[in-house]
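Here's a quick briefing to go with the model. Have the sequence and the 3D view open while you read.

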Amino acid sequence: MTMTAVADIRRTPLRGMRAMIAGAMRKSLDEAAQLSHQGECDVTALLEHRAALAEAGIRVSLEDLLAHGLIRALRRHPLLNGRLEGNEILHYDAVHLSFAMALSETQLVAPALFDAERLSLTELATARKALVARARAGRLSVSEMTGGTFTLTNLGRSRVRFFTPVVNLPQLAILGIGETRRVPVVGADGEIRVRSLMGLSLTFDHRAVDGGPAAAFFDTLCRLLEGEPDEPAQP
């Protein structure tokens, strides 16, 4: 066995932004009772919808479409849209959606887009781009950094299909987007068709949300992304 020379080891002090991220992740795992649901969602229709919008001159990303569907699902399942602060679970009518984004290999932030449920798809896309720009310029406000009620994190451009995202405390849940693959699927009529299936991973704080309601939310999200018409939000 050959020993690695000291000169060949690159040392990076755990400080600054990296130390803050490390502390937040450790705190989340120490305090929250985290559980993950994972599954596949057929996003064939969603990708076709995006292509149709592009032909009409409307440019939105897949993440914008996913976020729009996620917001609608949260409106139907408000038990997952909130925060656990002290001994109180706070459920919000408004969806303050946080977007996890890497500013560099060592810097990760998750600023919130406030009142996202009020935005149309194109307004959401514009607002998210502005949020990303402010994050990269270091101009995020304290409230944007700390005021979210649910987080979306996207690894869809990688080969990672399923993972266990860490809850962004004091929020109650986080959704992870994984790789999308084109695979043969047997339909209800017995015919085999090629469909685009996306891996999704939902981690939630079991102190505030039970497995059944989390699974119901997951199912609703997939149905919305697969093209099911929207319904009124729960009161």
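Which side chain does the side chain of S61 join through a polar contact? It's R128, and the contact comes out at 2.9 Å. Keep in mind that this is a predicted model.

**Around S61**
- You'll find S61 in the loop between α2 and α3.
- S61 has a relative accessible area of 19%, so it counts as buried, the cut-off being under 20%.
- Setting aside neighbours within four places in sequence, S61 is in contact with R50 as well as R128.
- D219 sits 158 residues away from S61 along the chain, and their C-alpha atoms are 22 Å apart.

**How the strands pair**
- β8 and β9 run parallel, joined by 4 bridges.
- In that pairing, N154 stands opposite I177 of β9.
- β9 also pairs with β10, this time antiparallel, through 12 bridges.
- Here G176 is the residue facing S201 in β10.
- The β9 and β10 hairpin has 5 residues between its strands, and G190 takes a positive phi near 90 degrees there.

**The nonpolar core**
- The largest nonpolar core has 47 residues, and L70, L97, F150, L200 and L202 touch the most other members.
- Helices giving two or more residues to this core include α2, α3, α4 and α6.
- Strands β4, β8, β9 and β10 each give two or more residues to it as well.

Terms used:
Residues are numbered from 1 along each chain as its sequence is written. This is a predicted model: local features need pLDDT of at least 70, side-chain atom pairs count only at pLDDT 80 or more; totals for chains, interfaces and linings use all residues. Side-chain values use heavy atoms; hydrogens and water are left out. A nonpolar core is a set of buried Ala, Val, Leu, Ile, Met, Phe, Trp, Tyr and Cys residues joined through side-chain atoms within 4.5 Å. Buried means under 20% relative accessible area, exposed over 50%, partly exposed in between (1.4 Å probe, protein chains only). Two strands pair if DSSP finds at least two bridges between them. Contact means heavy atoms within 4.5 Å. A polar contact is a pair of N or O atoms within 3.5 Å; within protein, one must be able to donate a hydrogen and the other to accept it, and residues adjacent in sequence count only if both atoms are side-chain atoms.
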